[in-house]
Amino acid sequence: MSRKPPVDTANLKVIDSLDTGDVWVLKELPDDAFFTIGAITTDFDGDPMAYGNKHKHPGISPHDHLANGGHPGNWWGVVTNTRKKNGTPIEQVGSTPTKPNPAQPYKNYMISTTKLIDSSYPAEDDVRHWTDATKIPYVALPNSRRSMHRIGLKTGCYCLLVDLQTMKFCFAVYADSKAATPRMGEISTRAVDLLGNADGSILILAFPTSGQGQGIIPDEATIQAKGREELKLYSWMDDGDHLVKATRKITNLSARLIQAGYHSNTPFADIDVEGEINVTGTFGRTR
């Protein structure tokens, strides 16, 4: 969205400016987390049915446009026979009840790649090697921004996502990268399902030094539990409640951060544990 969100920047420091907006850290905690707000875009990468050549195989129904995976001579999003961009995309063999093939279950679909991999399935032509966008809530971050890497960003770190329209939230893992454009807001189809909205703006709060690192794809339950732990730890360090104060002008966001696990001493809003927010009251948690 073109309109800048009403963020109070008094206690924030800008570490980067992207096409989608600024990236902030708290001045007193510059190395512990960063956050930004961007337009939601759905990422299908890692989905074993993401890409396929419909002209060659009319019977398939890929979930994403093939152009998002590349084109002849430059395939950046699918596995090729040479493992190089100028190779030919590998098409899955398919699976049947009598001859199951979990490594390549969807006949004629290509094998979509992600930054985060599962090293227990070492073969790149095995769909289980990659982070499935339909099963894992993940976020795609620019992979060449020194600002983020300087504070410890690594593949597999945990993030909090809050949809600023629905105010639903979920935790996600950093599992994909976007090198072409410096933008934020691309999240997996599973994350979109959890947030309940594919349009609008999203707050992304990333915890750079968290997670299990490259080679392990955590399941959804682990992501939600571990992500919440990271948010709680961060809130204890933010003893001035600067994060929620910075976002209090965005209606209901401070309350939603508290509901997600952020501990606060500052009165912000009454929170209904069933999910509804009433911003007319006060709410605080004792440290």
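This is a predicted model: local features need pLDDT of at least 70, side-chain atom pairs count only at pLDDT 80 or more; totals for chains, interfaces and linings use all residues.
1. Confidence. The protein chain has a mean pLDDT of 89, and 90% of its residues reach 70 or more. Residues 279-287 should be read separately: over this stretch pLDDT stays under 50, and the model has 33 contacts for it beyond four places in sequence.

2. The second largest pocket. Its volume is about 400 Å³. A total of 19 residues line this pocket, and those nearest its centre are Trp 75, Trp 76, Gly 77, Val 78 and Thr 113. Sorted by class, the lining consists of 8 charged, 6 polar and 5 nonpolar residues.

3. Aromatic pairs. The count of aromatic pairs comes to 4. Trp 24 belongs to strand S2 (residues 21-26) and Phe 35 to strand S3 (residues 34-39), so that the pair links distant parts of the chain, 11 residues apart. Both Trp 24 and Phe 35 are buried.

4. A strand-to-helix pair. Phe 207 and Tyr 234 have ring centres 6.0 Å apart, and their planes stand at 65°, so this pair is edge-to-face. The pair links distant parts of the chain, with Phe 207 in strand S9 (residues 201-207) and Tyr 234 in helix H3 (residues 220-237), 27 residues apart. Phe 207 and Tyr 234 are both buried.

Conventions:
Residues are numbered from 1 along each chain as its sequence is written. Side-chain values use heavy atoms; hydrogens and water are left out. pLDDT is the predictor's confidence in each residue, from 0 to 100. Contact means heavy atoms within 4.5 Å. On a 1 Å grid over the protein atoms alone, a cavity is a set of points where a 1.4 Å probe fits but cannot get out, and a pocket is an open set with protein on both sides within 12 Å along at least five of seven lines; lining residues have an atom within 4 Å of a point. Grid points are joined across faces, edges and corners, and a volume is the space filled by probe spheres set on the points. Ala, Val, Leu, Ile, Met, Phe, Trp, Tyr, Cys and Pro count as nonpolar, Asp, Glu, Lys and Arg as charged, and the others, Gly among them, as polar. Rings of Phe, Tyr and Trp (its six-membered ring) pair if their centres lie within 6.5 Å; planes under 30 degrees apart count as stacked, over 60 as edge-to-face and the rest as tilted. Helices (H or I, at least four residues) and strands (E, at least two) are DSSP runs, numbered from the N terminus. Buried means under 20% relative accessible area, exposed over 50%, partly exposed in between (1.4 Å probe, protein chains only).
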